[in-house]
Every structure is written in structure tokens, then in C-alpha cells.
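My entries follow in the order of the look-ups.

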Amino acid sequence: MWRTGRVLNLRLAGREAARLCSSNPPKPSPPSSSQSKSSPRPQAEKQRRRREREEAILSSQHITTADEELKWSEKQKIAYTTKTPPGTKKDTSLLFPSAYNPEYVESSWYQWWEKEGFFSPEQHERLPHIVDQTFSLCIPPPNVTGSLHLGHALTVAVEDALVRWRRMQGYRVLWVPGCDHAGIATQTVVERRLLREEGKRRQDFTRQEFLQEVWKWKNEKGEEIYHQLRRLGASLDWSRACFTMDPGFSRAVTEAFVRLCDCGLIYRSEGLVNWSCALESAISDIEVDSKQLSGQTMLSVPGYENKVEFGTMLTFAYPIEGQEAEVAVSTTRPETMLGDVAVAVHPDDPRYQAVHGKLCRHPFTDRLLPIITDSMVDMELGTGAVKVTPAHDHTDFLLSQRHSLPRLTVIGGDGTMRPPCGQWLEGVKRFDARQFVVDALFEKKLFRGKKSHAMTLPVCSRSGDIIEPLLKKQWYIHCDEMAKKATQAVEDGQLEIIPHFYTKTWKNWLSNISDWCISRQLWWGHQIPAYQVELPNSTDKQEEQWVWGRSKGEARQRAAIKYGLKPEDITLTQDPDVLDTWFSSGLFPFAMLGWPEQTTDLQRFYPNSILETGSDLIFFWVARMVMLGTELTGQLPFKKVLFHSLVRDKHGRKMSKSLGNVIDPLDVIHGVSLERLQEKVKEGNLDPREQLVAMEAQRKDFPKGIPQCGTDALRFALCSHKMQGEDISLSISQVLSCRKFCNKMWQTLRFTLGVLGNNTTPVGALEETTPLSSMDRWICSRLYSTVKQCEQAFEAFELHIVTSVLYSFWVHSLCDVYMEYVKSLLVQQGEGTVVQTDTEHSGRSRHMAGSVLYHCVSTSLALLSPFMPFITEELWQRLQPVRPGAAAQTSLCLQLYPCSSQLEHWHFPKEERDFMLVQEVIRVARSIRAQCGMTKEKPAMWAVCSPSQAKVLLHFGSAVWTLSRISNLHIYCPHRGNDLLSVHSTPPPEGGLIGVVNHECQLHLHIQVLYFVLLQPFRHEHNCTDLQSCCRPPNEVHISSRDQFWF
């Protein structure tokens, strides 16, 4: 059900050269299966961009990519080898490995979470921080035939982050996993398998025998996606896993069909559908691709040994009956002329004024075709006269309604010509018949020419077959009224769409919606619960009579009442067709909860809190869920819809199996060689050019394959992108950078445990921890601000902001500043860590610093847990022995998510503001040291500044002294106040190096003659002949990025 398709134009644009055109075409009735309209120009532009990207990939010019610039090598594999039965908690008392390894970290945790039931809503009652609110959603059910790619991984990462966040907040959370039966895709896969392994076609089996083969395949292969979801860490409630062909779900589908029939929303009618001759079935809009042809093109078509010509326009003549005259028409599909029933011209076209109402003689069937007038005809296109084939063209079908024309089907469901064509064509394949027709026109001297012609060709995405519009009696759903309700729900604010710019798209599409064809000519799927009625002694074979019911018995009772007969006198035959897969998928939000039964789950979790999915499903799934949910339950199926952007490769192409550029998330998690990636492309069903492009793109993007990155790094990288709006171009280098962040976290914990491991006094509770020193107060306040930002960003679903502030706090504040400051207070003695015992840092202060460090790390792990569940669980568990009274079976995923109200006593805004000056001073001091090539030397430093700045530097004096790596800090204020007794009254000595912090503050580093040799590179660069001139560098030091400075 997860699709990567886009909104497609299902009309056969370019079928005719002289096409019926109108600026305001009428709405079709009866409907066609077409649900969306798009002009050829955007499609042509997309095709042009696609060709440019392919040419860039295949070009010999090699553009250096970020992945090639980023050097990586295979890391030493560290495996978790301790015997841990599945579902048993992992042993974190083992020796702490020296480096992070995702394979070690991610072992065993998921099985424990799942066995303990941490992901079920029943766990909610046992939480100490319970709140009386629910949060429910369903995962967009992926096709049972497929496997996940990075686009699906984005969906999982985003939804799991939201789910874990709400669960940690104390909500009663339900996230239901599911799988879609994918009617066409699954049946196609099984048919190919049977043909390959047994040499049999579907028709060689009975329906029941074939369905047994499908179920056998599903049971063998259908768990692959669930394995991928578990490997991605998705905290789904597997006890409620839902498959759309399960008995309970099937009952819901039947109930929905019967109710919609009873209220008149489902009806049976004859209309044009998008037909795949290879599948012998109508297909949904999303399963039709538009292929742009610039002109004459030879294409491979299923079922044909030789390539078929497309992109040409042929002109032929119809003789006018009773006159020595003719009307010339042009077409790209001459084989359909056997189904022509009229010729249409514009009423104002002066060329045809004399033939209005005349008749043409069909050269092969001898039928008379009326020449009709209609203002929809474009006089400037082609000859200005168009052939009308209602049974094989959507626009011609509309004309047949306006002018009461017959509809003659000349192509059968198997793609061969039907008996009305005559014996010379009956049974001939449609594209073979094309040449037969052209040859016959030549013989009758009616052929008038052929030329290259740009056109749009509709192609079945499942089989590669050319779509054939066919006239079929099908079941349809009236959509007008339901669409109005869906539009009104958004306008009234009952349903919120995020980002909000999609509301315009929503309204425009629903305002122009057509009725929905829900019949599919398949065996795999939900067989339509409608029955054709055969009455005793009935002679009328033309008019169909139908009833429907939840069972055949109920349908028989309905028929008996309807026709006033005894049930046993009625013969019922169930419709062999199945329902469109999108129909069952549209019921997912409530059918997964047990509807139509009023289950506890349905009462508690419906409507769902939110739907999160890709923006490409706004019409084909989201709109239909809203329409069906509102109609069948009386409520919207969810309160909010959150759309994320599409994931593209580095060349800007959407990830698609048809392009061969999909990346299995497990290949990013575990790593994969280039050779294996290329093998996967070869295993696909790509044409030679697409395969060439795909393999060349892999060679350029992954010359050494994909390194092992781990689940946490992949999830964090995906959530770090802005989801709402721009498409995501994910490179593996970004994921690898997030793996380095994981190692940063790992080393932070090793340091923290080293600091706290020898403390005899236990760490105090968070609410009892009151920071004392200036640096403790600063880092605590930074943590408070980080938590506050996370709260606001999570509520706005801006996950990229959450990940950004968490990364910034951990790396730039905690590691690069606070821990660097704390390190200076420690002395390494053997393997132990001993804190210095000077008078400035008393025992109480040292213990407080340890408590602050513990709570900063512990709180940060909780903040990161929704995005990086494995490493945060591993590190948090290892941190627990430091905290007395920690429960042995407690998991981080059930802890309270940090909130700003917990940390209000840690909010010191003045310290945060003041420390910005301190950071600038340290930055400039370090840059001066770097210019001089100083490494171990610690010179004295003077800060010439204003009185207010002097106060700040005195307050953070220890941090300035430690982080600037100086021996002494002297502060000089030219205009000092009386209260600054600690400030030196004498200016800095001459001959030092000067750095400018801002217009009020300068730094002077005093360089002794002893360091003269260290300035040699500087002297040679600036042609200095003496120390005095050498020590007079430019007044201002420029650093490209303050953040980069701390690395």
C-alpha cells in the first residue's frame, strides 16, 4: 500500500492527432476510472528532467560526491556474544567496549521490548506518569509482495519518533502494524512463479487452487517486511498486526460494500476503464505510468516478440456516401478504426459546412457513420475532423453520451480483435492488427500519410503493458457528496492537513473528482459480495439483476423479498471480480480496530489521532479514507494528516523499483558491497537502458559499497531533514556522520561512568540537584532551553528542529565545553579517575558537578530515545547502577519524557546570555594560539574590556582559564568601576599577540622570548625580522564558524 507513484494523467493524451478539445470539458457520466487529470506539459517537463539526470549519470564527466570525499574504512566488528535467550534482557554489566559498534549495541533489545509488552497500550496502566489521553495511528500498510526502501524507512522513523515521544509522555499509545494484500502485484508475482517453476498459467488452476498457491507464497515470503520493521526499531503493537485478507478484515470489507450499496452510493454501470491486457484486469490510477514519446519510437510490449512502433500519426479517408468526396481523419491507433461509429467536426469549421449530417461508409464493415458537429472539436488540430470510437477512448465516450451514439467494442480483454472486426482480424493481437489495417487501407487507396508525432503513452506499471481503455460493466462509488464532506471538514478545521499548503491541492482535487471504479478482474482479493440473480422462467438475458449481502444466504433472502419469490426458486451467481485494493485500504483506520463490531479498541482509539504518510498518497489513499470513514462511521478517521516529503537519490530521482535506485534500509544498517548492490539491480525487471543507468549511478555513488551505519544513525539522519515541503535528498555520508555522533555518545558515557564510578556518595535526584558553580548553572540552563525547544518542535511536528537542538546540546555544549572544563579537574591515575583536591573545588562542589553531569547525560538520552532507541537504551541501562533504586526491568522507552516544568529550577537565562561572551573570548584565544603554533604552552592572557564584560569574565574565570589553555587571566578595564577590585590597574605588557573579540574587548597573549622558535612559521610568512614586529599580527582573527571551533 505504500506507493511511490505520483498523480497520473489517465486519459490517452496523444491517441488522436485531431483530438476533441475544450477549455471546459464536461464531467463524465457514467464515470470512467480516471481520477486525475494532468496536462501533457508538466509530464513532458518531468520526462525532460529525467532524461537529463540519466545523461548526467551516464556521462564520462565524473562529479565528486560527498560520499567519495568522505573517507571511510571498515570498522572492527564487535559482536555481543553472551548467550541471551530471545526476549531476555541484555546483560549490560559486561565490560564496556572501547568503541561504538551498531551490531553490538542493537543486539537483543528489540526482542526484550516486544516480549515485555512495552509497545502495547495495556502497558499504559503500569506507568507512574500516566495521563488520561490516547495517541493512535496506523502504519501505511506496505504491499505484502515488496520490501521496504529508504522512503518507507522515513515513514517508520517519523512515526516511531512520534509514538515513542507520546508513550514516554504517559499517553495510552496504539500503533498498529499491517500489510496490504496488493491484489495485482501479488497475483502477478505468483503467476510468474508458477510459470517459471511449473510451466503453468493461472488458467490451468481452478480459482480455489490458485488462491491456495497465493496463500502458500504469502506465508513463505510475507514476513520479510515485518522483519524489516522490527530491525528499524518500530515500536508497533504486534499483537494487533492486521492483514487486509484476514477473516476479520474481510468481514469489514464485505460490511462496507453492503452498507454503501444499501444507501445507494455503490452502483453498477457500463464505463471505460484502464485495462491491462497482460493482466486481463482493470487497474487503478496509481498503477498507470505516463511515458512521453518525442516521436517515432520502437517499444517492447508484453506478448510480442518484436518491438512495436509508437509515436506516429496516420491519416486515412472515409468516403462520403452518395458523393465523390471524402473526410480525412488522423489517428495514432488505426486498429481502433474498426470501432468507429461517427466522424465529428466543429460546427463553425468552413471546410466541413457542406457535410453536416452526411454519412460516411466504413471501408471494412460497410457501416454508415454519421458526420456530427460538436464545439469540443479543435479545428486547428490535425485535419479538423476526428474519428469517434466510444468504446476505446474516454473523450469519445463522452461524445457518445451527448449524441446518443452506439459503443462498439472491437478489442477484447486479452488484447485480441473481436468478431465485429470481421474474420480477417478476429483473434489477431491488437498491435499486429494495426499493420493489417494500414495494409488494407493502402489496398483500398484510402491511406493518406504517416508522420512522426509526439504523444503520451499510458503504461501499466505492474506489467509494462500499454493500457487499453475498454468498455466494461463495473461497480462504481458515487464520490460527489462524500468529497464535499471531506472538503468541508478541512475548511471547518475538523481535519488539519500539515503542511497547510496541501489544503489547496486537497480542495482542487476533491472538487473535480470522478466516480470511482472499484471492480478488478482478479482472483486474489476480496471477491465482490454481489450476486447476479437468475429468476425462474426468465427470458430477458440483456438486463442484469443484482443483489448483495453479507453472505450468499442473506443475498438470497434479499432477492426473494425483492422479486417476491421463494428463496429456493432463485439462482445466484457471485460476481467473479474482486474489489480494488484501495477500497480495503481505505477502511484501515477503523477496520484494524474491529469495525463493524463495537470493540473496546474501536471505542478507545477511533478516530485515530493522526495519519502520517507520504505526500504522494494524498488522493489515492488519504482522501478515500476520509470519505469512507466519514460515511461508514459518522466520524473522520483521524484528526490530523501529516505529510512528509519524498526521498530522492543524490541525482534528484525519486526512489523507485522501476528506476533501480531503491536502497534497502537493511543495507545501510548492516553495510553492503557494491557487487551485491549491482546484483540486486540485475535481479530486477528493468529494461537494458534503465539497468545501465542504475548500475552506473551505483558505481558513482557507492564506489566502495555502503558502510555499516546502524539503525540509530539511519533514523536520526532521516529525521534530521525538514519533512514538510522540500523533497529529501539523502546521502549515505549524512548517515555515516550520524554514526560518528553515536560514537560521540558512546565515549561520553565511558567518561561519565569513569567520573562517577569512584564516587562514594550516590547521585542525588534531579529535583534535589541545585547547581552551584557558574559552569554547572550554565550547562543546566542550556539543558532546560534544549528541553523547551524540543517540546515546542515536537508539538509542531518539526522533528528536524528537535534533532538539531539535541545534537547541538550534546556535541557543542555538553562535550566540547562542559566536559572539557570538567576534564581539567581530573587527574588520571592508572585506570582509576581521581578528582583533584584543591580548596577551590571542594568535595561538595565536585559531587554536585558529578550529579549535574549524570543528569545532563541521563536526560539527554531520554530526549534522544524516540529517534535512537537502541543506543540510548544501551547507554541508559549502563548508567543505571550509578542511580540507587533503579528498577531492574525498567526500560528507557517507558520513562517520562523530559519536560521543562521538571527543570524550571535549572533555568538561569543570565548565565546563558553571559556565556556567549565567554565563548567568544575562548574562541579568539584559541585562534591566537593556533596561529602561533602553540600546543602545550600556556601563556598569560590579558583581557582589555568594559566593566560589564569584566564581571562576566570574572564570574566564569575558571572556565576561561581552563578552556583557553592559559596560565593566568588578567583583566584590565581602562574605565573600571569601584566595585571591580579584582581587576588589574595596569595595562597588558607590550610585545604580545592581540585578538579582537568585539569593539569593547581585546585579548593580549604575552609571549616570552622562550617561545621565539614557535613563531618561526609566522615570521617567515610575514617576513618578520624581529620578535617585536613578529608579535604584531593583524588586529582581528577571523574564524569561519563558532560551532566548528569546538571540534
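Helices (H or I, at least four residues) and strands (E, at least two) are DSSP runs, numbered from the N terminus. Buried means under 20% relative accessible area, exposed over 50%, and partly exposed in between (1.4 Å probe, protein chains only).

I also note the ground rules. This is a predicted model, in which local features need pLDDT of at least 70 and side-chain atom pairs count only at pLDDT 80 or more, while totals for chains, interfaces and linings use all residues. Residues are numbered from 1 along each chain as its sequence is written, and side-chain values use heavy atoms, with hydrogens and water left out.

**Entry: helix α10**

Seven of its ten residues are buried, so the helix is largely enclosed by the rest of the structure. The buried ones are His394, Thr395, Asp396, Phe397, Leu398, Leu399 and Ser400. Their cover includes the strands β5 (266-276), β12 (342-345), β15 (385-388) and β18 (468-477).

I then checked both ends. Asp393 caps the N-terminal end, with a side-chain oxygen 2.9 Å from the backbone nitrogen of Thr395. Just after the helix, Ser404 takes a positive phi of about 55°.

**Entry: whole chain**

I count 33 helices and 35 strands. Of the 1047 residues in the chain, 58% are buried. Among contacts with a separation of 6 or more, 78% join residues 24 or more positions apart.

**Entry: aromatic pairs**

Rings of Phe, Tyr and Trp (its six-membered ring) pair if their centres lie within 6.5 Å; planes under 30 degrees apart count as stacked, over 60 as edge-to-face and the rest as tilted. By this rule I get 37 aromatic pairs. Tyr226 and Trp238 are edge-to-face, at 5.1 Å centre to centre and 65° between the planes. Tyr226 lies in helix α8 (residues 224-231) and Trp238 in the loop between α8 and β4 (242-243), so the pair ties together parts twelve residues apart in sequence. Tyr226 is buried at 9% relative accessibility, and Trp238 is buried at 11%.

Next I took Tyr304 and Phe431. Their ring centres are 5.6 Å apart and their planes at 50°, so the pair is tilted. Tyr304 sits in the loop between β8 (297-299) and β9 (308-310), Phe431 in helix α11 (residues 430-443), and 127 residues separate them. Both are buried.

I also found a cluster linked by ring pairs: Trp165, Phe716, Phe741, Phe794, Tyr807, Phe867 and Tyr897.

**Entry: charges over rings**

A charge sits over a ring if NZ of Lys or CZ of Arg is within 6 Å of the ring centre and within 35 degrees of the ring normal. Arg202 lies over the face of Trp523, 4.8 Å from the ring centre. The charged end of Lys472 sits over the ring of Trp275, at 4.5 Å from its centre.

**Entry: nonpolar cores**

A nonpolar core is a set of buried Ala, Val, Leu, Ile, Met, Phe, Trp, Tyr and Cys residues joined through side-chain atoms within 4.5 Å. The largest has 167 residues, and Trp810, Tyr818 and Phe867 have the most contacts inside it. Helix α25 (residues 799-823) gives the largest share of this core, 14 residues. A second, separate core of 65 residues includes Phe257, Tyr502, Trp509 and Val622.

Which residues touch Phe867? Leaving aside neighbours within four places in sequence, its contacts include Ala161, Asp712, Phe716, Phe794 and Leu806.

Met592 is in the loop between α16 (588-591) and α17 (600-605). Met592 is buried, with a relative accessible area of 10%. Thr244 is 348 residues from Met592 in sequence, yet 8.7 Å away in space, C-alpha to C-alpha.

The loop between α16 and α17 also holds Pro596. A cis peptide bond joins Trp595 and Pro596, with omega about 15°. Another cis bond joins Ile498 and Pro499, with omega about 0°. Pro499 is in the loop between β19 (496-498) and α13 (502-511).

**Entry: positive phi**

Ala182 has a positive phi near 50°. It is buried at 3% relative accessibility. Asp366 has a positive phi near 70°. Asp366 is exposed, with a relative accessible area of 51%.

How values were computed. Contact = heavy atoms within 4.5 Å. Polar contact = N/O pair within 3.5 Å; in protein donor to acceptor, adjacent residues only side chain to side chain.
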